Amino acid sequence: MKSPHSLIRPLVHDLHAYVPGEQPKIKGLIKLNTNENPYPPSPRMLKAVKAAVDGRLRLYPNPTAQALREKLAKLHGCGPENIIIGNGSDEVLALAVRAFVEPVAAEVTRRKPATSASSSRPRQIVQYFHPSYSLYPVLADIHGAMKNAVPLNANFTLPSTAELKKGGVWDFNAALTFVTTPNAPSGCGYAASELEKLCRAMKGVIVLDEAYVDFARENAMQLALKYPHVLVARTFSKAYSLCFQRVGYFVGHPELIAALDKIRDSYNVNGLGQVAAVATLEDLKYYRANFRKIVATREKLTRSLTLLGFCVLPSQTNFILAKPPGNVLPASRRKVQRRQDAGGTLTAKEWLQKLREKKILVRWFNYPEVKDYLRITIGAPQEAAALVKAAKAILQTL
Ligand SMILES: Cc1ncc(COP(=O)(O)O)c(C=O)c1O
């Protein structure tokens with residue numbers, strides 16, 4: 001008998017899987033680590049889902065999520081043929097890699113791991129800025145594609161197209177490029193005009209991943225309807241309080257959408273997810289009021305943490321990236337009695353632990369550009385207040 005180990009593809013052996021944020025079940029935990037929405041879905045939506053839970057669960061759902069695509073088409077001013085729905089936007093991102101990128105032959109991948117791009121093989125390249133959504137490199141690895149991770153500017157803004165051309169690292173011919181906009185994990189928003197310049201310069205498919213766009217000043221949806229190589233990804237998870245049901249989608253040219261449609265599972269979107277998403281779109285007023293509340297909490301939390309000496313990046317999302325106070329106390333903040341005189345500071349990783357001890361869970365990423373920061377989801381006002389209180393208490397112990 002062969003060992004189970006020998007039955008697994010080498011590529012899979014070598015794979016580093018995507019690491020999702022923790023979902024611990026700790027009583028009283030304030031969970032600010034996975035960018036979930038603090039507000040529940042609308043009562044109308046819940047009613048629609050409950051009404052759908054009956055004997056019809058024995059039937060397959062609509063294979064193309066037709067009713068949902070029609071509703072979304074009205075919302076975005078396009079046709080249902082411009083839309084494909086996925087089991088979360090993660091699924092449509094994965095479909096894009098499979099549909100548009102050639103895998104490197106297995107033997108070549110083994111000899112030379114697919115870590116850096118070579119512009120002589122643009123059809124095999126998945127390209128993205130770094131840091132951005134950490135799923136993109138995992139999807140490239142699963143597919144056996146090459147990766148081209150290009151640094152954002154130091155303040156997480158987008159390098160201009162001219163800078164990218166000069167830098168010589170960005171591949172304008174890459175088969176597939178992902179841009180997280182607004183960016184995660186920095187929260188930095190990008191102007192549609194800036195994105196349009198980049199899209200116009202690209203020869204391959206470009207996905208504008210707008211998972212957090214409902215909390216931003218502008219969106220770039222019109223680019224997906226203007227340019228045949230641009231796809232915009234959206235999700236019901238964040239702004240629409242629907243992580244549990246897993247519904248996301250792409251908007252784009254019918255030919256790209258048809259290609260993705262060919263390779264998806266026949267019933268990729270579960271029936272209750274379809275019902276939930278349709279009912280969500282019938283109650284947008286409820287959700288838009290929540291966006292405003294979240295943005296107001298974000299701004300207030302930013303001010304409070306800044307006063308405590310945190311460096312908080314301006315955010316256009318439902319989270320902030322905040323660097324805990326270091327040793328230098330800005331003159332403008334000397335009023336706030338802090339622990340600097342006592343000498344101690346904590347690393348961001350230590351802050352993660354200290355906050356956890358106070359039953360507040362935030363996220364910390366162990367890569368150089370952001371390892372000094374905490375990513376904090378914007379919760380309800382009382383959760384944000386609890387975080388500020390905990391931060392003050394921690395600072396007082398130092
Ligand atoms: C930038 C970005 N895109 C896509 C997703 C995936 O969302 P979904 O829940 O729709 O799969 C996430 C989730 O964290 C994200 O941060």
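How many salt bridges does the count come to? The count comes to twelve salt bridges. The structure is a predicted model, and the values below were computed from it.

**Ligand site**

The residues that surround the ligand are G88, S89, D90, Y133, T180, D209, A211, Y212, T235, S237, K238 and R246. By residue type, this shell divides into three nonpolar, five polar and four charged residues. From the backbone, a polar atom of S89 is 2.7 Å from a ligand oxygen. From the side chains, T235 places a polar atom 2.6 Å from an oxygen atom of the ligand, and K238 has a polar side-chain atom at 2.9 Å from a ligand oxygen. The ligand taken alone exposes 400 Å², of which the protein buries 91%.

**Salt bridges**

Side chains of opposite charge can pair when their charged atoms come close.

| Pair | Closest N to O distance |
|---|---|
| R246 and D90 | 4.0 Å |

R246 is partly exposed because its relative accessible area is 28%. D90 has 25% relative accessibility, so it also counts as partly exposed.

E210 lies in the loop between β6 (205–209) and α9 (221–226) and R234 lies in strand β7, so the pair ties together parts that are 24 residues apart in sequence. Are E210 and R234 buried or exposed? Both E210 and R234 are buried.

D54 counts as partly exposed because its relative accessibility is 35%.

**Surface patch**

Which residues form a nonpolar patch on the surface? The patch consists of L7, I8 and V12, which together have about 270 Å² of accessible area. L7 is located in the segment before α1 (10–14). With a relative accessible area of 60%, L7 is exposed, because the cut-off for exposed is over 50%.

**Two loop residues**

E369 is placed in the loop between β11 (360–361) and β12 (374–377). Its relative accessibility is 35%, so E369 counts as partly exposed. E369 and N155 are 214 residues apart along the chain, and their C-alpha atoms are separated by 9.7 Å.

T347 is found in the loop between β10 (319–323) and α13 (348–357). T347 is partly exposed, with a relative accessible area of 43%. Between T347 and K27 there are 320 residues of sequence separation and a C-alpha to C-alpha distance of 27 Å.

Notes:
Residues numbered from 1 in each chain as written. Predicted model: local features only at pLDDT ≥ 70, side-chain atom pairs only at ≥ 80, totals over all residues. Heavy atoms only, no water. Near = heavy atom within 4 Å. Polar contact = N/O pair within 3.5 Å; in protein donor to acceptor, adjacent residues only side chain to side chain. Areas by Shrake-Rupley, 256 points an atom, 1.4 Å probe, with all protein chains shown as cover. Nonpolar A, V, L, I, M, F, W, Y, C, P; charged D, E, K, R; others polar. Patch = residues over 30% accessible without salt bridge, like charges linked within 9 Å, V, L, I, M, F, W, Y side chains within 5 Å. Salt bridge = Lys/Arg side-chain N within 4 Å of Asp/Glu carboxyl O. Helix = DSSP H or I, 4+ residues; strand = E, 2+ residues; numbered from the N terminus. Buried < 20%, exposed > 50% of the residue type's maximum accessible area, 1.4 Å probe, protein only.
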